[in-house]
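Trainee: Could we go through this model together? I would like to take it topic by topic.

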Amino acid sequence: MELDGLPASGALYRRALLGVVPGVGGRRGADVPGLELAVGGVSVDQRHLADYDRVCGFRLTDRLPATYLHVLGFPLSLRLMTSPGFPIPLTGVVHVANRITVHRPVEVGERVDFHTYAENLRPHDRGRQLDVVLVGSIGGEEVWRGVSTYLGKERASGGGPRRDRADRPEPPAFSAQWRVMPRVGTDYARVSGDHNPIHTSKLGARLFGFPRPIAHGMWSKARCLAALEPRLPEAYTVDVAFKLPVPLPSTVAFSASPNGAGWDFALHSARDGRPHLTGSVR
């Protein structure tokens, strides 16, 4: 389905909230929808890009950070995830992993065509998870691809045994510490269009089992990538697994080490070493 333009995120979140109201929300599908959404000629607002760069720690340049294409095309994926019959409800969904492949750099003056679809619905010990694929192309050439893995928790699923804290490996030596303040949740929501209340509201976070708001996973990934920015090649794949949430506020420790032609990196709690994110650039 070709859309005339990117949808408005606010209306989609209101639809998602209505979807959890008994008697109002529709039934969930048993499989991923056979639906692919597309929109052409998406341009970049330079002021928005600069705002995003500041929130995430990137340098102010005309080259788009790899994670910015995720933000630029996110409303299209959001439209897909709020479509009738989508198997996992958007409200309360957990972003557990993200892989981005940059085939070549994208500059601010270029217009991007996006298409998105879902695939690989599979069981998880806490519910079901699937992949939402977002592809960016310019002039018919794929220049960027993002794969976000989402978990929908379900009460009927059997939970596996909790991992003992003694089983956790020691975190690597950190190269930087960052103080993550509560405004990170609201600032990133503003520049990304991802207004999930678990990131922006104390009440919203508590409704979904968090004692206080948590940072967006994609902010954490972007902040780590910003720290590696001077060392990134022209084309690469950056893969992350989101572990434990980053509560707001908190202090996190960033570590990175070279691995062949790429990098391994991680984000841990500076207080007790709990893992927040692990990733690699290849």
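Trainee: Is His 268 buried or exposed?

Mentor: His 268 counts as buried, at 10% relative accessibility. Buried means under 20% relative accessible area, exposed over 50%, and partly exposed in between, with a 1.4 Å probe and protein chains only. Please note that this is a predicted model, in which local features need pLDDT of at least 70, side-chain atom pairs count only at pLDDT 80 or more, and totals for chains, interfaces and linings use all residues. Residues are numbered from 1 along each chain as its sequence is written, and side-chain values use heavy atoms, with hydrogens and water left out.

Trainee: Where does His 268 sit, and which residues is His 268 in contact with?

Mentor: His 268 lies in strand β10, residues 262-269. Helices (H or I, at least four residues) and strands (E, at least two) are DSSP runs, numbered from the N terminus. Leaving aside neighbours within four places in sequence, His 268 has contacts (heavy atoms within 4.5 Å) with Pro 171, Pro 172, Thr 251, Val 252, Ala 253, Gly 273, Arg 274, Pro 275 and His 276.

Trainee: How many helices and strands are in the protein?

Mentor: The protein has 7 helices and 11 strands. Of its 282 residues, 49% are buried. Among contacts with a separation of 6 or more, 71% are between residues 24 or more positions apart.

Trainee: Which residues touch the most other members of the largest nonpolar core?

Mentor: They are Tyr 52, Phe 114, Tyr 188 and Phe 265, in a core of 66 residues. Helix α3, residues 66-81, gives the most to this core, with 10 residues. A nonpolar core is a set of buried Ala, Val, Leu, Ile, Met, Phe, Trp, Tyr and Cys residues joined through side-chain atoms within 4.5 Å.

Trainee: And what is Tyr 52 in contact with?

Mentor: Beyond four places in sequence, the contacts of Tyr 52 are Phe 58, Pro 65, Thr 67, Tyr 68, Val 71, Tyr 188, Val 191 and Ala 222.

Trainee: Tyr 188 brings me to α4. How many residues of α4 are buried?

Mentor: In α4, 7 of 10 residues are buried, and the helix is mostly covered. The buried ones are Val 184, Gly 185, Asp 187, Tyr 188, Ala 189, Val 191 and Ser 192. They pack against α2 (46-56), α3, β7 (176-180), α5 (197-200) and α7. Just after α4, Gly 193 has a positive phi of about 80°.

Trainee: Asp 187 is on that list. Which side chain does Asp 187 meet in a salt bridge?

Mentor: Asp 187 pairs with Arg 183, at 2.8 Å from N to O. A salt bridge is a side-chain nitrogen of Lys or Arg within 4 Å of a carboxyl oxygen of Asp or Glu. Both residues lie in helix α4 (residues 183-192), 4 residues apart, about one turn of the helix. An α-helix has 3.6 residues a turn, so residues three or four places apart point the same way. Arg 183 is exposed, at 58% relative accessible area, whereas Asp 187 is buried, at 14%.

Trainee: What network of salt bridges includes these two?

Mentor: Asp 51, Arg 183, Asp 187 and Arg 190 are linked in one. The count for the structure comes to 12 salt bridges. Among them, Arg 122 pairs with Asp 131, the closest N and O atoms being 3.3 Å apart. Asp 131 is buried, with a relative accessible area of 8%.

Trainee: Changing topic, how many disulfides does the structure hold?

Mentor: The structure holds 0 disulfides, a disulfide being a pair of cysteine sulfur atoms within 2.5 Å. Cys 56 is buried, at 0% relative accessibility, and Cys 224 is also buried, with a relative accessible area of 0%.

Trainee: Last topic: where is Ile 214, and is Ile 214 buried or exposed?

Mentor: Ile 214 is in the loop between α6 and α7, and is buried at 8% relative accessibility. Its C-alpha atom is separated by 9.9 Å from that of Leu 244, 30 residues apart along the chain. Phe 208 is found in the loop between α6 (202-207) and α7 (217-228) and is partly exposed, with a relative accessible area of 34%.
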